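Visitor: Could you take one part of this model and walk me through it closely? I would like to see how that part sits within everything around it.

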Amino acid sequence: MSELARDVPAPVPALSPARVGQALFLLAILLAAFKFALPDGLIRPPEWLVWPFADWINWTFNFIKDDLGLIYVTRAIAGGVEWLLDITANLLYGKNRWPRIGPLPWTVIAVTAFMIGYGLKGWKLGLLSGGTFVWIAFMGQWKWAMETLSVIVIAVPIAVALGLLLGIAAWRRAWVEAILNPILNIAQSLPHFAYMIPVVVFIGLGPKAGAIVTIIFATPPMIRMTVLGLKKVPPEVVESGMMCGSTQWQLLRHVRIPTARTEILIGVNQVIMQCLAMVVLASFIGMPGLGQKLLQLLQALKIGRSIEIGITIVLLAVMLDRCSKAWAEMQPVHFERGTPWWKRNRLFLAWCGLTAGAFALAAVWPAAHVIKRSQAFTLSKEFDAVVDWVILMLDPISQALRSFLIVWVLIPLQDAYLWLPYTAVLALAAGIGWKIGGARSALICLAFAGLIAMSGWWDRGMITAYMVTFAVLVAALIGLPLGIWAAGREERARIVLLICDSAQTFPSFIYLIPVIMLFGVNDVAAIGAVIVFGMVPMTRYTIEGLRGVPPALIEAADMSGATKRQKLWTVKLPLALPTIMVGVNQTVMFSLFMVIIAAFIGTRDLGQEMQRALSATDVGKGLVLGLCVAFMGLLVDHLIIRWSADRKKALGLE
Amino acid sequence: MTASAPVISCRDVWKLYGPHPERYISRLSGNPSYEEIHQAGYIAACRDVSLDISSGEMLVIMGLSGSGKSTLVRCLSRLVEITSGSITVEGLDLGALSETELIDLRRNKMGMVFQNFALLPHRTVLENVAYPLEMRGQNRHDRRERAMEVIKLVGLEGRETYFPRELSGGQQQRVGIARSLAIEPDIWFLDEPFSALDPLIRREMQGEFLRLQDMLGKTIVFITHDFDEALRLADRIAIMKDGAVEQIDTPARIVLDPKSEYVAKFTEDIEKSRVIRAENLAEDVAGDTPPGEPVSATATILDLARRLVNDERELISVSDEAGQVIGAMKRRAALEVLFGSER
């Protein structure tokens, strides 16, 4: 059986994966070493190889949009979404639209948030949720925050419903899953901006475009989690449902979906976090709110004010994450028979009471209704003072670091990447692929790298690749030891994991604030943001990998007389490596996304071109660039996941 | 329907897993072994199974894991479609039923208990038990009333507002049993209902189960991998190996007269005197009743041990519940059951 299961036929000695891999490496080295002798066509993709994908995409889009009239459909959908957005906009910040009863007093919303948090997990979460809104109101950011929230409130349910439906379809019909899977793979590795351009073409700018791009961006994880959850329902439970005489619909409604509840709610959590990340970024296509304000303030280098907004976004992220996770973890608790009605519904009654109180308070005291900008507190002066002091203290170091990095590391590295003939890179990609996964992986890698060469953005792609390589390297150099240190003690591991968990929920945009503060607007700042962002999964997976080592093996090492160091090198790290590599994989993905986002503080890679495509609403160019980034990610993803799965199997883990 | 007509009847039932089981089976001749089928790339879960289960009978299907017993019970309830052969339930051809007819059958005639309880985690005990009633559209009030009745029956009164995760394993299985009984099924399938429980709870649940069966008198198919459990509960036992039924017989017959080496291995370590009853040893005496007080036909040899040792008669008469003498057993044969034969 095992021989049959292999996809590589009986090993012919001369063609063993390692041999072929070595041959391809050698080819890559030769191509690089004899670059001077190579014809131009082997150094840079020749013109006949660069296909006008962008024009084809533009043609197709125009055809669909104008000739097939899809634009009327999308505009109609956008109209519907806008109608919904107007309702929440009216309720939350008093936009002059139907039903014209808003804005709700901020106290009402804060009290509601408190009750949600309290009901889900208790006092602490209640205070976090309620406190977030108190902070927002006091800092005078109410309108911006509500602009952001009004979109999230609409986008999340739509994305959840869409994801649930598509997920059920994919679970039900194998062919739907077969179609959806590759699309989801690409969709989840496309950078945020690539989604925005088509939306601008079809919908235009503003809140409705922001909402729709958010919905599209947030749906894929929901589909994934729905399929996963439905597949994980124990067959016995389904059989018990069938033996109770359930019809197919009853099975789905009463048995499968409720049993998959946890996975589905984790999907909801991911949707919420994706929505928040996207809504903040959607400021690039004219979405008002916290993101737009932050963008403006960062561009004007108003650090203190942007820190204020940054804190708000972080608070919102943490609060939304904690609440939705608490919801996913919540288990039903029974009431004894004969519990009176008011006791069963005490949370609801408390909410009613508190809300009524808040309305009453707002009616007699305007500051409990709306806090005007002029009444609001601000900490920006204090922040600015602290930041100025920090900069003053760190300036010599950061200046030196910056010039050292630029002159001695970044520019030489960039030049080296650009110097490489593209054929050498292709040979290298194929070689690594062959070594890890045989002919099939080699072909996949070659296809991904080759498509980037054919896109005509080779040089820009290499700049992105160099930034990601450098950032991932530094992130690993910091994250790995940090993870090892943290995993040393249970308490430390718990705290560091908690920090990583929270940091992962922050929208990527936030990471730009501290680096811009320290390094100003340039390459180093961009790479700094990428490093900080990428360090998070690195640390996290290192800890998880080390903690996942079977305790019996550690005891065996102890009893063999291994010292701490020996134990780490000979037992823990080798066994944790597959998991750590998954962390590297995520670091690469995060870095790619971040590099593209960081483009607006001045890099010259694919991201910058993407920004241009966005401002020129050039769908073809934008999608080609986005796919280049996605292919880089998918290439690394394929290699690492394949390697890690093989390794885990070889080690007998899982 | 006459009382003797079987409630469930299987004829030549095959269940194969593999690429094209129907095509493979149509070309099959004779009765290939499990290994031969495996060579051809198929897994045989049921091989040519034929058996009848009569009304009110408790058939225990016994076999080790992978012997196909769970698949067989799923074929009987049509949770799994059979590859060939036929199964009739109360005269209906199970395979020919439409989706609606099948659902109807399950809603009114069948109940099933599962090894890992298979309770719905988001519903209370009451809602779990009422689930099959809800499926067939009974109104809220009736549902509640009936569910409370069965909950009382399995001894979970007072726990009806609990959620499954708040109960112990034994209590959860009581919920599973209550749910399967809610619709008052005629046919009751139990798939290793007590295997996931620890030994003490298991014995207690077996006792409870016998009590319920005495009260309800259902037609039962009970799956187990525990031979002691099978002996304790069964009217008849079917022993399965590699998808085929090796022997189907009463416990005493299986112990006294194992039909294959495989069956014999199971019975080796069994305390035979606990299983064999006086009636099993009784021989026809053609009206020539031996003197002395008769022993009860249903008494096990172990029950009679003291008497057998003290009694000096060669032949001891055996009488049924009505006091009618049905035959006589040789004292020597009974003593051999107790102490083993002299070698």
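Guide: Gladly! Please keep in mind that this is a predicted model. Helix 22 (residues 490-505) of chain A packs against helix 24 (residues 523-547) of chain A at an angle of about 140 degrees, and their axes are 9 Å apart. The crossing of helix 22 of chain A and helix 24 of chain A is left-handed. On the side of helix 22 of chain A, the contact is made by Ala493(A), Val496(A), Leu497(A), Cys500(A), Ala503(A) and Gln504(A). Helix 24 of chain A brings Val536(A), Thr539(A), Arg540(A), Ile543(A) and Arg547(A) to the contact. Sorted by class, the residues of this contact are seven nonpolar, two polar and two charged.

Now a step back to the domains of chain A. The domain assignment gives domain 1 (22-51 + 420-455), domain 2 (60-103 + 139-330) and domain 3 (463-654) of chain A. Between the centres of domain 2 and domain 3 of chain A, taken over C-alpha atoms, there are 25 Å. Their contact draws 32 residues from domain 2 of chain A and 28 residues from domain 3 of chain A. On the side of domain 2 of chain A that touches domain 3 of chain A, at least two residues each come from helix 9 (174-189), helix 10 (192-203), helix 14 (261-281), helix 15 (290-299) and helix 16 (303-329) of chain A. Helix 16 of chain A gives the most to that side, with nine residues. By class, this side of domain 2 of chain A divides into 25 nonpolar, six polar and one charged.

In the contact between the chains, 24 residues of chain B meet 22 residues of chain A. Helix 4 (99-108), strand 6 and helix 5 (125-135) of chain B each supply at least two residues of the side of chain B that touches chain A. That side of chain B has 13 nonpolar, six polar and five charged residues.

Strand 6 of chain B leads us on to a sheet. Six strands of chain B form an open sheet in the order 6-7-8-3-9-10, with mixed pairing. Strand 6 (110-113) and strand 10 (244-249) of chain B are the edge strands, each pairing on one side only. From one strand to the next, the twist averages 15 degrees. Within this sheet, strand 3 (residues 58-62) and strand 8 (residues 219-224) of chain B run parallel and are joined by five bridges. One of the residues involved is Met58(B), whose bridge partner in strand 8 of chain B is Ile220(B).

Ile187(B) is found in strand 7 (residues 187-191) of chain B. Ile187(B) counts as buried because 22 other C-beta atoms lie within 10 Å, where the cut-off is 20 or more. Leaving aside neighbours within four places in sequence, Ile187(B) is in contact with Val7(B), Ile8(B), Lys109(B), Met110(B), Lys218(B) and Thr219(B). Take Lys218(B) from that list: Ile187(B) and Lys218(B) are 31 residues apart in sequence, yet 6.1 Å apart in space, C-alpha to C-alpha.

Finally, here is chain B as a whole. Chain B holds 15 helices and 13 strands, and its C-alpha atoms fill a box of roughly 65 × 55 × 40 Å along the principal axes. Of the 343 residues in chain B, 42% are buried. Among contacts in chain B with a separation of 6 or more, 67% are between residues 24 or more positions apart. The domain assignment of chain B gives domain 1 (54-85 + 93-270) and domain 2 (273-339), with C-alpha centres 35 Å apart. Six residues of domain 1 of chain B are in contact with four residues of domain 2 of chain B. On the domain 1 side of that contact, helix 10 (residues 251-256) of chain B provides the largest share, four residues. That side of domain 1 of chain B has six nonpolar, no polar and no charged residues.

Note on methods:
Residues numbered from 1 in each chain as written. Chains lettered and ligands numbered in written order. Predicted model: local features only at pLDDT ≥ 70, side-chain atom pairs only at ≥ 80, totals over all residues. Axes fitted to C-alpha atoms, helices over the stretch in contact; angles between N-to-C directions. Left-handed = near helix turned anticlockwise from the far one by under 90°. Contact = placed C-beta atoms within 7 Å. Nonpolar A, V, L, I, M, F, W, Y, C, P; charged D, E, K, R; others polar. Buried ≥ 20, exposed ≤ 12 C-beta atoms within 10 Å, placed from the backbone. Pairing = 2+ DSSP bridges. Domains from an automatic or database assignment.
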